[in-house]
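Subject: Handover of a structure and notes on its features

Dear colleague,

Please find the structure below, followed by an account of what was found in it. I would be grateful if you would read the two side by side.

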Amino acid sequence: MDSSTTRPLNITVVGAGIGGLAAAIALRRSGNRVKIFESSPHNTEFGAGISLQNNSLRILNAWGFLRENLNSVSFDGINIRDAVTGEGHSVTFPHLEQAKAKAINALTCQRNDLLEELKRLAVGDNDCPGPPAELYFDSKVVSCDTEAGSITLESGEAVAADLVIGADGIHSTIRPSILGESVTADTTGLSCFRCLLDATKVADHPTLSWLNEGIEAPWNITTVEGSHFSSFMVYFVRKRELLNLVAYYHDRHREGKCPFDRRGRGASNESRYPGSFSYFSAEFETLLDLPTVPTTASPTGILRWQLPAMPLLSTWVKGRAMIMGDAAHSTLPTSGRAGIAIEEAVTLGVLFPLGTTGDEVSERLEAFQELCKGRGDLVNSESVARVDSTQKKTMSDRELQVYLVARDAIKTAEEYSRLHFDAAPSHGDVD
Ligand SMILES: Cc1cc2nc3c(=O)[nH]c(=O)nc-3n(C[C@H](O)[C@H](O)[C@H](O)COP(=O)(O)OP(=O)(O)OC[C@H]3O[C@@H](n4cnc5c(N)ncnc54)[C@H](O)[C@@H]3O)c2cc1C
């Protein structure tokens, strides 16, 4: 194909979260012209921790991401501990061992570090192939015409494109245009509070020595059956300078009423953190004595989040528009959602190579849906089934874990493309 006579597609991405930035990277690498519109004045997302596994690291590696920019910590398995007795064991998984050998070993990092690295790869005038994407902050999208491929900003400005990608999260504005109705996420009965703790103070507390034992991996601190808390997940980020703490608890207030002070105000730990930890062994309770890192969203640094999930949607695509990531299949944070958004992004990059015409957009979107929707829906329903006993699990926890990380999304999309379309250039081949 003669790329000098080929018009790149103009693509609008709504939302500069992990999904939107990843989509912009993939599509710019394919030679398309991408504009990203983000409602917030700048990326102010709460800088909590996130884990990335083989499925997404394989893609990030192909995009030339710099692991050192994530200030990450290795994720070699899981340290399981009983909150009351302190007893437990460490588990490594074969897929994590194999990943290490391929330099796609799993990691934990701070979300802001990941967003910054994705931004560099999306908009940077660096070694990345394709034209740098344009990123507009403070640009809230209020509507989308799916047939015309246009969006309207809050300012009244309309932007026309060949393709509109709604990566605008759980409260998506693009979703109702696709579905023709408003469908919102349901509460699941699971909530969490989360915060970042100053890990440089760990040495001041001898009872916290367990944090330097076991394997380099998150700790899953399991609680008593039937207790308020379901589990605590604790892991280092920022080269072990910070500890990310997520405490999952059963939430009887499913209608959005918060039994706790959302900002976690109060002097003592018992009032500062939602819930009582009196049954925790001292070595875990001491964790809560570490100073928290305040954020713009919370002066105490402690945030309480209800964890809802989207019902399964009838479609993710319509005309010249589509949804992906949390806009399409937001679910509980226990199942690597960010990784799946990154898989969807790379799939778009393969399906929309330079040379794709405006007339082909609709059929390529159907291909995207065929490749990605079944997986997104399955992970969504399996995650919910793990906290809602009225829903049926179809996989064991172990099978789900393997299913999540095993996908090679680049290979899958390239094979599909070879089979259904004329050519499938290796992702990122376009200069
Ligand atoms: C407590 C918690 C812990 C998690 N931990 C993990 C983990 O360890 N591993 C993992 O893989 N995943 C985790 N996740 C999930 C992960 O964060 C999300 O799946 C991922 O960030 C999805 O990204 P997204 O881009 O689809 O949506 P979002 O991150 O929600 O981004 C959407 C973006 O769109 C913008 N936007 C919204 N509306 C508009 C509009 N109208 N116009 C313009 N812009 C708009 C928003 O400001 C935002 O920047 C966790 C989630 C939670 C809640």
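Lys-239 is placed in the loop between β15 and β16; helices (H or I, at least four residues) and strands (E, at least two) are DSSP runs, numbered from the N terminus. This is a predicted model, in which local features need pLDDT of at least 70 and side-chain atom pairs count only at pLDDT 80 or more, while totals for chains, interfaces and linings use all residues. Residues are numbered from 1 along each chain as its sequence is written.

Lys-239 is not a glycine, yet its phi is positive, at about 50 degrees. The loop between β15 (229-237) and β16 (242-250) also holds Arg-238, another non-glycine residue with a positive phi of about 50 degrees. Are these residues buried, partly exposed or exposed? Arg-238 counts as buried because it has 22 C-beta neighbours inside 10 Å, whereas Lys-239, with 13, counts as partly exposed. The cut-offs are 20 or more other C-beta atoms within 10 Å of a residue's own for buried, 12 or fewer for exposed and anything in between for partly exposed, with C-beta atoms placed from the backbone.

β15 and β16 form a hairpin with 4 residues between them. Their pairing is antiparallel over 8 bridges, where two strands pair if DSSP finds at least two bridges between them. Phe-229 lies opposite Tyr-249 of β16. β15 also pairs with β14 (residues 219-222), in the antiparallel sense over 4 bridges, and Phe-232 of β15 is the bridge partner of Ile-221. Because 7 of its 9 residues are buried, β15 is largely enclosed by the rest of the structure.

**Confidence and overall composition**

The average pLDDT of the chain is 87, and 90% of the residues score at least 70; pLDDT is the predictor's confidence in each residue, from 0 to 100. Residues 255-271 stay under 50, and the model has 22 contacts for them beyond four places in sequence. Two residues are in contact if their C-beta atoms, placed from the backbone, lie within 7 Å. Where pLDDT is low, the predicted coordinates should not be read in detail.

The chain contains 12 helices and 19 strands, and 46% of its 431 residues count as buried. Of the contacts with a separation of 6 or more, 75% join residues 24 or more positions apart.

An open sheet of 6 strands runs in the order β8-β2-β1-β12-β19-β18, with mixed pairing. β8 (134-136) and β18 (317-318) stand at its edges with a single partner strand each, so one side of each has no neighbour in the sheet. β8 pairs with β2 (residues 33-37) in the parallel sense over 3 bridges, and Tyr-136 of β8 is the bridge partner of Phe-37.

The largest nonpolar core has 118 residues, of which Ala-22, Ala-23, Ala-24, Ile-25 and Ile-165 touch the most other members. Its largest share, 9 residues, comes from α9. Such a core is a set of buried Ala, Val, Leu, Ile, Met, Phe, Trp, Tyr and Cys residues joined through C-beta atoms within 7 Å. Beyond four places in sequence, Ile-165 has contacts that include Val-13, Ala-23 and Met-324.

**Surroundings of the ligand**

There are 32 residues around the ligand, and Gly-15, Gly-17, Gly-169, Gly-325 and Arg-337 come nearest; a residue is near a molecule if its C-beta atom, placed from the backbone, lies within 6 Å of it. α1 (18-29), β3, β13 (186-198), α8 (326-329) and α9 each give two or more residues to this shell. Its largest share, 4 residues, is from α9.

**Two further sites**

Helix α2 (residues 54-62) has 7 of its 9 residues buried. These pack against β3 (49-52), α3 (94-101), α9 (337-351), α11 (397-406) and α12 (409-420). Gly-64 follows α2 and has a positive phi near 75 degrees.

In strand β13 is Ser-191, which counts as buried because it has 24 C-beta neighbours inside 10 Å.

With kind regards
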